[in-house]
Amino acid sequence: MNAPARLPADRPAVAGTLRSALAALLDGLPPRQAAQAVERLIATYRGATPTEAPILRDRADVAAYAAYRMPATFEAVRSALEAFADAVPGWTPGGHVDVGGGTGAAAWAVSATWDGTRPVTVLDWAEPALALGRELAAAHPALDGARWQRSRIGPALALDSTDLVTVSYVLNELTAADRAALVDAAAGAAQAVVIVEPGTPDGYARLVEARDRLVSAGFRVAAPCPHSAACPIVPGTDWCHFSARVSRSSLHRQVKGGSLAYEDEKFGYVAATRREVAPAPARVVRKPQIRKGQVLLDLCEKDPSLSRTTVTKRHGDLYRAARDADWGDAWPPAAG
Ligand SMILES: C[S@@+](CC[C@H](N)C(=O)[O-])C[C@H]1O[C@@H](n2cnc3c(N)ncnc32)[C@H](O)[C@@H]1O
């Protein structure tokens, strides 16, 4: 029996609403002050994490974080959720808990992936982040009624049972023991767990660790991997990551200089569930290389193995599909 198709959400509309809500946030804040807050946060994040107390201390920190980082974390999570949704085509989360949710990027991303509304709870230990998240969410009807609750990730973390738990750009800020406690709590509470991390070698290492825990707890990996067996990347030689395009705001241009209209957010993720999954037959794990009459695709395959395949003009429709293929896409693309 075919599963009913998922009702996709109006992604551009949700992204546009978020952009306007973030722009309104900076209204009235002198641009230099916002840029200074961002620079301070970047310096803090370069320092030692985990920390004993929240890094996001007050509204200025949080507004700077949201305006500067939320468009990127939103796009990264949305992209991970899209790949996950493709692997569980008939499924829509009936409830969502976002742990370490900060200003709510993942809550927005869920609403940009699956149409409709659902009970949403955003947990974080930084009250100013939750307050600002609530304020931003007032612009988005799908997040009406979301609960913004203070909660500390640690050995005592208990999560209410729900369909989907997201953990976005958080493992990075935790001790090994707290990362393990969080993944175990998520696995115990949810049918599906989606974890997103910066697309760095360290982020990859934390994702592999979390993926192993989820698989040991009985989860199947839905994306990005085409299988739930061990990752074929030899540790230390490479790291699995992807890229999401993010429009640059005037604040970005001010902090980073230059006039590019966009930047590419590198991220890694794992999406796993207790349900049956239909993972991609293979996934494009690097930017495709387009040459004259041929496309070179680096693939992670079901076997599990990594391979490079060359698709040439002689492959007809497949060649046209390869020219359209993006880093992170399933390969070959689903028919229809
Ligand atoms: C980099 S931000 C990511 C926020 C959001 N998930 C996103 O993707 O934009 C990390 C978040 O984790 C929260 N956090 C870090 N350690 C925590 C802890 N031990 N307990 C609860 N929240 C924590 C921080 O307050 C912050 O909001």
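Modeller: Let us begin with the domains. The centres of domain 1 and domain 2, taken over C-alpha atoms, are separated by 29 Å; the domain bounds come from an automatic or database domain assignment. This is a predicted model, in which local features need pLDDT of at least 70, side-chain atom pairs count only at pLDDT 80 or more, and totals for chains, interfaces and linings use all residues. Residues are numbered from 1 along each chain as its sequence is written.

Biologist: Which residues does each domain span?

Modeller: Domain 1 covers 11-273 and domain 2 covers 282-331.

Biologist: And how many residues of domain 1 are in contact with domain 2?

Modeller: On the domain 1 side there are 12, in contact with 12 residues of domain 2. Two residues are in contact if their C-beta atoms, placed from the backbone, lie within 7 Å. On the side of domain 1 that touches domain 2, α3 and β7 (242-247) each supply at least two residues, and α3 gives the most, with three.

Biologist: What classes of residue make up that side of domain 1?

Modeller: Eight are nonpolar, three polar and one charged. Here Ala, Val, Leu, Ile, Met, Phe, Trp, Tyr, Cys and Pro count as nonpolar, Asp, Glu, Lys and Arg as charged, and the others, Gly among them, as polar.

Biologist: Changing topic, which residues come nearest to the ligand?

Modeller: They are T73, G100, G102, W125 and S168, out of 21 residues around the ligand. By class, the shell has 12 nonpolar, five polar and four charged residues.

Biologist: How many helices and strands are there in the protein?

Modeller: There are nine helices and 13 strands. Both are DSSP runs numbered from the N terminus, helices being H or I with at least four residues and strands E with at least two.

Biologist: What about the nonpolar core: which members touch the most others?

Modeller: In the largest nonpolar core, of 104 residues, they are F84, V193 and V194. Such a core is a set of buried Ala, Val, Leu, Ile, Met, Phe, Trp, Tyr and Cys residues joined through C-beta atoms within 7 Å. The largest share of this core, 18 residues, comes from α3, and each of domain 1 and domain 2 contributes at least three residues.

Biologist: What does V193 touch?

Modeller: Leaving out residues up to four places away in sequence, V193 touches V165, A186, A187, L214, F219 and A272.

Biologist: Which residues of α5 are buried?

Modeller: In α5 (residues 127-137), P128, A129, L130, L132, G133, L136 and A137 are buried. A residue is buried if 20 or more other C-beta atoms lie within 10 Å of its own, exposed if 12 or fewer, and partly exposed in between, with C-beta atoms placed from the backbone. Their cover includes α1 (11-26), α3, β2 (120-124) and β3 (147-150).

Conventions: A residue is near a molecule or strand if its C-beta atom, placed from the backbone, lies within 6 Å of it.
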